[in-house]
Amino acid sequence: MKIPLVDLKANYLSIKPEIDAAMQSVIDNTSFIMGKPLKVFEEHFATFCSVKHMVGCGSGTAAVHLALLAAGLKKGDEVLTVPNTFIATTECISYVGGKIRFVDVVPETALINIEHLERAITPKTKALIVVHLYGQMPDMQRIREIADQHDVFLIEDAAQAHAAEWKGHMPGYYGDVAAYSFFPAKNLGCFGDGGGVVTNRDELGERLRLLVNHGRSTKYEHLMEGYNYRLDTLQAAVLNAKLPHLMRWTELRRQHAAFYDEHLPKQVTCPVEAEGAKHAYYMYEIRTPKRDALMQFMKEKGVDCGVHYPIPLHLQPAYKNLGIPKGSFPVSEQLAEEILSIPIYPELSKEQREYIVKEITGFFH
Ligand SMILES: *Cc1c(COP(=O)(O)O)cnc(C)c1O
């Protein structure tokens, strides 16, 4: 059996006529930039997330950048985030002249350690980027309280967390701003790069709308300098076709996770869905000290696995200049050596899931 980590083709084929029609309509109208499907998607996604404002943009990275621009940082302001995330999270801190400071995670969920977070805040800390890694949100109610107490701008990196919840609220409710990615492999993905920023704060919504499109108020009037960070109409059309299926796809991911929780051998540690969280399972991350051997074994059996992520950011060559030694964030460092993502995409069949469990069990016997 051959099983990819993510099967974009199976996902496309499952709703091909809807996607083809949506794309053809944009081509027929040649409404490639700021066309109607973009406006429709922004409205529908805002409704889906129960937020007031949604501004589509060109990528998840652009979304995090826009979120940090909305924070209005000054050069040298500190921004806290975790070391076990994709580099886009921290690149954007540098884009706005911020100083990157890391907070370690807790072993159970691989999400930010809230006690460490409280201790890490200094008078120079102006923003915090909480990463909803693998599709799970930490205790955002508590984090919101801490952010309020210290007047810290709260950003949610929700690139992996479409349809995730903390106590019934999706990203964008607790944070000042939440940033989404619609990269093809994400839980809601388009056919290229795409992203979006959501907020409930009117003044931030207005500012984001200016920033994403050259500071434009009208075609030829620019209230400020902005960026060309618009989401393509064609990508918005794909997302419009997919959005009505997102809840069903998320439910399938959760069913696959429940199957794995029940049937994987006890030698691997399965991900924990914390009380209060609704996990969206962008990734199903198991743990074992024998990770590298298991990954190689699964590859030989035809199953693609992944590691998200093998090198914590503070140990990346790109951040050598930060001078953070190995051992500084022990939980993130240990996780990086033990985690393994196994396929959990919605179209995964029962036979495929059973095969994956059988092979992992076989590895340990
Ligand atoms: C995917 C991702 C991003 C960046 O999104 P792109 O659309 O690839 O630019 C940012 N943060 C996290 C946590 C991600 O997983």
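**Figure 1. Helix H3 passes helix H9 in a left-handed crossing.** The view is taken from a predicted model. H3 spans residues 36-49 and H9 spans residues 233-242. Their axes come within 8 Å of each other and cross at roughly 45 degrees. The two helices, H3 and H9, are therefore oblique to each other.

**Figure 2. Residues of H3 meet residues of H9.** On the H3 side, the contact is made by Pro 37, Leu 38, Val 40 and Phe 41. Facing these residues, H9 contributes Thr 233, Ala 236, Ala 237, Leu 239 and Asn 240. Sorted by type, the residues in the contact of H3 with H9 comprise seven nonpolar and two polar, with no charged residue.

**Figure 3. The protein that holds this helix pair has 13 helices and 11 strands.** Its radius of gyration is 20 Å, close to the 21 Å that the globule rule gives for 365 residues, so the protein is as compact as a globular protein of that length. Taken along the principal axes, the box filled by the C-alpha atoms is roughly 70 × 55 × 35 Å.

Figure 4. Buried residues make up 56% of the 365 in the protein.

Note on methods
Residues numbered from 1 in each chain as written. Predicted model: local features only at pLDDT ≥ 70, side-chain atom pairs only at ≥ 80, totals over all residues. Heavy atoms only, no water. Axes fitted to C-alpha atoms, helices over the stretch in contact; angles between N-to-C directions. Helix = DSSP H or I, 4+ residues; strand = E, 2+ residues; numbered from the N terminus. Parallel < 35°, antiparallel > 145°, perpendicular 65-115°, else oblique. Left-handed = near helix turned anticlockwise from the far one by under 90°. Contact = heavy atoms within 4.5 Å. Nonpolar A, V, L, I, M, F, W, Y, C, P; charged D, E, K, R; others polar. Rg over C-alpha atoms; globule rule 2.2 N^0.38 Å. Buried < 20%, exposed > 50% of the residue type's maximum accessible area, 1.4 Å probe, protein only.
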